[in-house]
Amino acid sequence: METTHDQEQQQASALADSIPTTPCGRMAQHYATRGWAVLPLHGLTGTAESLMCTCVAGAACTTPGAHMLDGFELQDATSDSETIAEWFADYPSANVGIVTGGPRDLAVIRYDRARLPAAARAVLDDLLSGAPGIAQFPDSSSAEAYVAMPATSPATAYEIYPGLSVATAGALIVAPPSRIGASEMDWVAEPPPDLPTVLWSCDELRERVRSGQAVRPVVRRLSDVAAEPMGWLWPLYIPLRAITLLDGDPGRGKSTLLADLTARVTRGDYAPSSDDAMPTGAVLMLSGEDDFASVVRPRLEAARADLAKVFALTEVMSLSDSARQRISLADHVEAIEDACREHGIRLVIVDPVMDFLGGGVDSRSDHAVRNALAPLAAMARELDLAVVLVRHLVKRQSGGALNHGSGSIAFGGLARSALRVQLTDDGPELVSVKSPGLRPPSLRFDIIDSVGASGCPIGNVEWKGASTPSTAPDDSAAARAEAFLRRHLEAGQVSATELQKEAKAQDIGWRKVEEAKSAIGVTSRRHGKTWVWSLPAQGRKDAAPLEQDGLAVFEDGDSEEGCQP
Ligand SMILES: [Zn+2]
């Protein structure tokens, strides 16, 4: 075989000496020595202003200079130098084409840099860096890499990704220096002395390119989006089709408050302090801490819930071996969705959310929390129900670094509404800290002693109406900024840069933080190149307990009042 190949090369050079030929003809011989099968293509004729194809269609040709000469077929492609020499002598204006595949597994990866998504482009550039055979189209963002691909690849030319096509065996490629426009195609470097063998198939190539991209844009024309009014479980406080966050220190009555809401939903009663009826339906509870028999049921009875419409979900069971495992938001959203569909759920309560994130989810990782909760948010949209996630706030422990609270950013970001139960001088209060609509007033409530059907004392909520204007939005912005500073500086000094980042993440205006800084006497000192802030000595944690704020570290261990045996 080698001898034949050498002979062909000798013949080719002999012919090149004896027969006048063109740039395309010479390059065709060069390709043939690589074992590639070539074909003559129609070329272009005419002046630069009026170029037209040499085929019968002429100026009307839709693929000028890019299709086979009349009477030729793909099977005619050859590496025989004598035949090639004759073709290009007969058709001096012919372009040169290559048929992919063959003994060398020639494949051509065509990519349009203008169309490829940026991340995919970076991956492709990396994969092809140093590849010897890259041809460029004149005046175009497209290029073609000549590679060897395993013969197992699908044998067609097709787009495997937006802006990325692969021509494997049996495709006709227009090769340099063919003229297909005002100028000629060209090699970025000299035509490849040998092909790099690419070890991936088309599918693998697609996966690699796709792996560079975490997301692809899914755009919708706004005129195609049906307008629909915001639906509410509790107007302005708890939206339907979304996640609501309910924060509060342990023992402040969050679970009692939710028992009251649950009861109202099961009865289709009015929302607290409102003239609007809540949508009637069932409630699904994922409750991690309170015992259903001794705490949850008595509490719901005290709130006059229709218990037939309240469902508890704590475990999932494997269909194959009946093995049970604790339910987790990260792994079992589909099971939760099944339960919701089956029982007509309008409200899902996860109390507390940290108990149900799933073992593998790092609650401090923004990314992990987002990934775990996004399917839940999608489920809420799909099923037109409300999800309430309960978080405990605990006073910051010693040595608390800022990043301990980073999980909270993802929670707050995913939730469309955020509520907080806090204690004021006049008793507990429900405050809206984030609302998809107008910010609703803060509502006072009391936990009053009640008795469940089983006879054990249990708390029940009594709503006291809107708070006095002391918690109007203006004030609360300042209060939030002050609480933010106290919280983050409580354990020691923190750099201003870090505070700025954190304030931004929590949507607290830096101006407010600076005002709070002077209001509570925070000092700043230069430390190397950075400014560090610290609380005045008497403001540290030993002296000034944080009363009504927190939004940072979550810990297990909230057990609200219950009926202990
Ligand atoms: Zn044509």
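A residue is called buried when its relative accessible area is under 20%, exposed when that value is over 50%, and partly exposed when it falls in between. These terms are applied here to a predicted model, in which buried residues account for 48% of the 565 residues of the protein. The secondary structure consists of 13 helices and 27 strands. Of the contacts between residues at least 6 apart in sequence, 70% join residues at least 24 apart. The protein exposes about 27,200 Å², and 50% of this area is supplied by carbon and sulfur atoms.

A zinc ion is coordinated by four side chains, namely Cys 53 through SG, Cys 55 through SG, Cys 61 through SG and His 67 through NE2, at 2.0 to 2.4 Å. The angles subtended by the 4 donor atoms around the zinc ion run from 104 to 114 degrees, and the arrangement is therefore tetrahedral, since four donors count as tetrahedral if all angles lie between 85 and 135 degrees. Along the chain, the donors follow the spacing C-x1-C-x5-C-x5-H. Within this set, Cys 55 and His 67 are 12 residues apart, and both are found in the loop between strand E3 (52–53) and H3.

Part of the chain forms an open sheet of 3 strands in the order E1-E4-E10, with antiparallel pairing. Strand E1 (37–41) and strand E10 (172–175) stand at the edges, and because each has a single partner strand, one side of each is left without a neighbour in the sheet. From one strand to the next, the twist averages 35 degrees. In general, the strands of a sheet pair through backbone hydrogen bonds, in either a parallel or an antiparallel manner. In this sheet, E1 is joined to E4 by 5 bridges, while 4 bridges join E4 (residues 95–99) to E10. Particular residues show how the strands are set against one another. Gly 97 in E4 is the bridge partner of Leu 39, and Gly 97 also stands opposite Val 174 in E10. Val 96, in turn, stands opposite Ala 175 in E10.

Strand E4 is mostly covered, as 5 of its 5 residues are buried. In a regular strand, the side chains alternate between the two faces of the sheet. Both faces of E4 are covered, with Asn 95, Gly 97 and Val 99 buried on one side and Val 96 and Ile 98 buried on the other. Helix H2 (residues 23–33) lies across E1, E4 and E10 and runs at about 20 degrees to E4, and helix H3 (residues 81–90) lies across E1 and E4, running at about 10 degrees to E1.

Elsewhere in the chain, helix H6 (residues 254–267) contains Thr 262. This residue counts as buried, with a relative accessibility of 0%. When residues up to four places away in sequence are not counted, Thr 262 touches Val 283, Leu 300, Val 310, Leu 347 and Ile 349.

The peptide bond from Pro 176 to Pro 177 is cis, with omega near 0 degrees, and Pro 177 belongs to the loop between E10 and strand E11 (186–187). A cis peptide bond also runs from Asp 351 to Pro 352, with omega near -5 degrees, and Pro 352 is placed in the loop between strand E19 (345–351) and helix H9 (366–383). Positive phi values occur in two residues other than glycine. For Leu 236, phi is near 75 degrees; Leu 236 is situated in the loop between strand E12 (232–234) and strand E13 (238–239) and, at 29% relative accessibility, counts as partly exposed. For Ser 322, phi is near 60 degrees; Ser 322 is located in the loop between strand E17 (315–317) and strand E18 (324–326), and with a relative accessible area of 45% it is likewise partly exposed.

Definitions and conventions
Residues numbered from 1 in each chain as written. Predicted model: local features only at pLDDT ≥ 70, side-chain atom pairs only at ≥ 80, totals over all residues. Heavy atoms only, no water. Buried < 20%, exposed > 50% of the residue type's maximum accessible area, 1.4 Å probe, protein only. Contact = heavy atoms within 4.5 Å. Areas by Shrake-Rupley, 256 points an atom, 1.4 Å probe, with all protein chains shown as cover. Pairing = 2+ DSSP bridges. Axes fitted to C-alpha atoms, helices over the stretch in contact; angles between N-to-C directions. Donors = N, O, S within 2.8 Å, 3.2 Å for Na, K, Ca; no water. Tetrahedral: all angles 85-135°; square planar, octahedral: opposite > 155°, others 65-115°.
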